[in-house]
Amino acid sequence: MKVNKLGQYDDIHKTIIEACKNGDERQKYQLYKLYSKAMFNVCYRIMNNREEAEDLLQEAFTQAFMKLESYRFESGFGAWLKRIVINTCINAKNKRKVELTLIDEMQRFDQPDQDDNNEEEVLLTVAGITKAMEKLPEGGRIIFSLYLLEGYDHGEISQILNITESTSKSQYMRAKRRIIEILQEQKTGSYEN
Amino acid sequence: MKTDRLEEFIKANREAFDQLEPSEKVWENISKPKIKTHKISMINYFLRVAAVITIAVVFTVVITKTSLFKQEEIAVQTEDPELRELVEAEAFYASQVNEKMDEIRKCYDTFPEIKEEVETDLTELQEMYDVLKIDLKDNISKKAVIEAMIENNRFRLKMVDQVLDQINC
């Protein structure tokens with residue numbers, strides 16, 4: 001796994017985590033405050049729905065507090081918690097028994113190649129990319145987000161999503177291309193308006 | 001590589017991608033006292049114990065009734081040390097549970113949701129206890145039945161203790 005940004009605060013949080021293990025409710029709130037925003041965004045990127053993301057954030061934190069006793073400071077707390085959050089979301093998706101919709105390669109052939117020539121000119125903004133991600137098919141969106149934003153490698157993603165490593169890689173490549181295409185469409189769209 | 005621009009941009013602006021804030025109700029739900037989930041697992045455990053005892057009692061009844069030796073009915077004697085222990089335990093736990101229930105009942109206004117849960121659980125336990133009392137009269141597997149009855153009492157006390165701890169009012 002790539003270096004996790006949340007990891008750098010782990011030592012500072014050790015006392016809080018220890019207090020939480022002893023059932024200190026106020027410190028639990030502190031811990032929640034520290035991690036809830038980042039974890040909520042992880043949930044949202046997987047679920048693509050605010051309400052579901054909130055429900056699963058709640059479930060994941062409840063589970064994390066219950067399992068806290070088993071956390072031995074071997075990995076960063078952020079990474080440990082994030083794995084619980086991701087598993088909770090993926091389990092919720094699996095319960096629906098609907099297979100992840102992956103990005104179909106056929107979509108690529110429908111698009112004229114000249115789009116690629118204009119890629120350099122596409123304006124990259126956080127808001128634009130976030131919007132484009134929301135438009136991706138579910139599988140591609142989750143893989144893209146796990147790889148690029150949450151810092152997992154394709155081996156880990158294949159385990160989390162129960163897919164092959166090559167599917168993860170190819171879906172990631174397609175997701176990147178689709179995002180550029182969507183940004184391109186947004187750009188042309190805004191000129192037309 | 002053209003698309004690497006995208007990767008680089010996201011890596012450079014990683015923190016800006018965490019813009020959404022969860023609503024207050026998420027923490028409210030997390031911090032709510034979770035009496036039910038904990039208790040259900042304990043009740044399930046107790047139900048399992050009760051089921052095993054009931055099966056043992058039924059099995060023994062069948063065996064005894066079909067055996068050639070018709071045993072003389074043995075009257076339950078109050079001087080039996082095991083029974084005396086049961087009577088004492090019953091009195092002790094009942095007073096403890098009642099005392100704590102008085103405390104819990106005072107909090108019903110603050111935590112109306114626990115009222116039904118606690119009362120239902122106590123009624124269920126009492127029903128199980130009544131079944132055990134009938135089993136005791138059959139005078140079969142007496143030791144196991146008495147143990148189950150004491151366990152039932154102990155469980156009731158443990159449950160009210162937990163409720164008191166969690167409502168903390």
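A salt bridge is a side-chain nitrogen of Lys or Arg within 4 Å of a carboxyl oxygen of Asp or Glu. Between chain A and chain B, the count is 6 salt bridges, and over all chains the structure holds 17. This is a predicted model, in which local features need pLDDT of at least 70 and side-chain atom pairs count only at pLDDT 80 or more, while totals for chains, interfaces and linings use all residues. Residues are numbered from 1 along each chain as its sequence is written, chains are lettered from A and ligands numbered from 1 in the order in which they are written, and side-chain values use heavy atoms, with hydrogens and water left out.

**Chain A as a whole**

- Chain A has 10 helices and 0 strands; helices (H or I, at least four residues) and strands (E, at least two) are DSSP runs, numbered from the N terminus.
- Of the 193 residues in chain A, 50% are buried. Buried means under 20% relative accessible area, exposed means over 50%, and partly exposed lies in between (1.4 Å probe, protein chains only).
- Take the contacts in chain A between residues at least 6 apart in sequence: 71% of them join residues at least 24 apart. Contact here means heavy atoms within 4.5 Å.

**Helix H8 of chain A**

- Helix H8 covers residues 138–149 of chain A, 12 residues in all, and reaches 15 Å from its first C-alpha to its last, close to the 16 Å expected at 1.5 Å a residue. The expected span is 1.5 Å times one less than the number of residues in the helix.
- H8(A) is largely enclosed by the rest of the structure, because 12 of its 12 residues are buried. Among them are A:Arg141, A:Phe144 and A:Tyr147.
- Just after H8(A) comes A:Gly151, with a positive phi of about 80 degrees.

**Where chain A meets chain B**

- In this interface, 37 residues of chain A are in contact with 26 residues of chain B.
- The size of an interface is often given as the accessible area lost when the parts come together.
- Chain A and chain B bury about 3300 Å² between them, with 63% of it on carbon and sulfur atoms. Buried area is the accessible area (1.4 Å probe) that two parts lose on being put together, summed over both.
- On the chain A side, A:Lys37, A:Leu124 and A:Val126 lose the most area to chain B, together 17% of what that side buries.
- One salt bridge pairs the side chains of B:Lys25 and A:Glu54 (3.4 Å, N to O).
- Helices H2 (25–47), H3 (50–67), H7 (126–135), H8 and H10 (165–192) of chain A each supply at least two residues of the side that touches chain B. H2(A) gives the most to that side, with 11 residues.
- The residues on that side of chain A divide into 18 nonpolar, 6 polar and 13 charged. Here Ala, Val, Leu, Ile, Met, Phe, Trp, Tyr, Cys and Pro count as nonpolar, Asp, Glu, Lys and Arg as charged, and the others, Gly among them, as polar.

**Salt bridges to look for**

- A:Lys28 forms a salt bridge with A:Glu25, their closest N and O atoms being 3.6 Å apart. Both residues lie in helix H2 of chain A, 3 residues apart, about one turn of the helix.
- A:Lys28 is buried, with a relative accessible area of 15%, while A:Glu25 counts as partly exposed at 45%.
- The side chains of A:Glu150 and A:Arg45 meet in a salt bridge (3.1 Å, N to O). A:Glu150 lies in the loop between H8 and helix H9 (154–161) of chain A and A:Arg45 in helix H2, so this pair ties together parts that are 105 residues apart in sequence.
- A:Glu150 and A:Arg45 are both buried, and they belong to a network of salt bridges that also links A:Lys82, B:Arg14 and B:Asp18.

**Inside chain B**

- Helix H4 of chain B (residues 81–106) has 26 residues and reaches 38 Å from its first C-alpha to its last, close to the 38 Å expected.
- Buried residues of H4(B) include B:Leu83, B:Tyr93 and B:Ile104, and what covers the buried residues includes helix H5 (112–138) and helix H6 (142–167) of chain B.
- The side chains of B:Lys106 and B:Glu103 meet in a salt bridge (3.2 Å, N to O). B:Lys106 counts as exposed at 59% relative accessibility, and B:Glu103 as partly exposed at 39%.
- B:Asn152 is found in helix H6 of chain B and counts as buried, at 0% relative accessibility. Not counting residues up to four places away in sequence, B:Asn152 touches B:Phe46, B:Leu125, B:Met128 and B:Tyr129.
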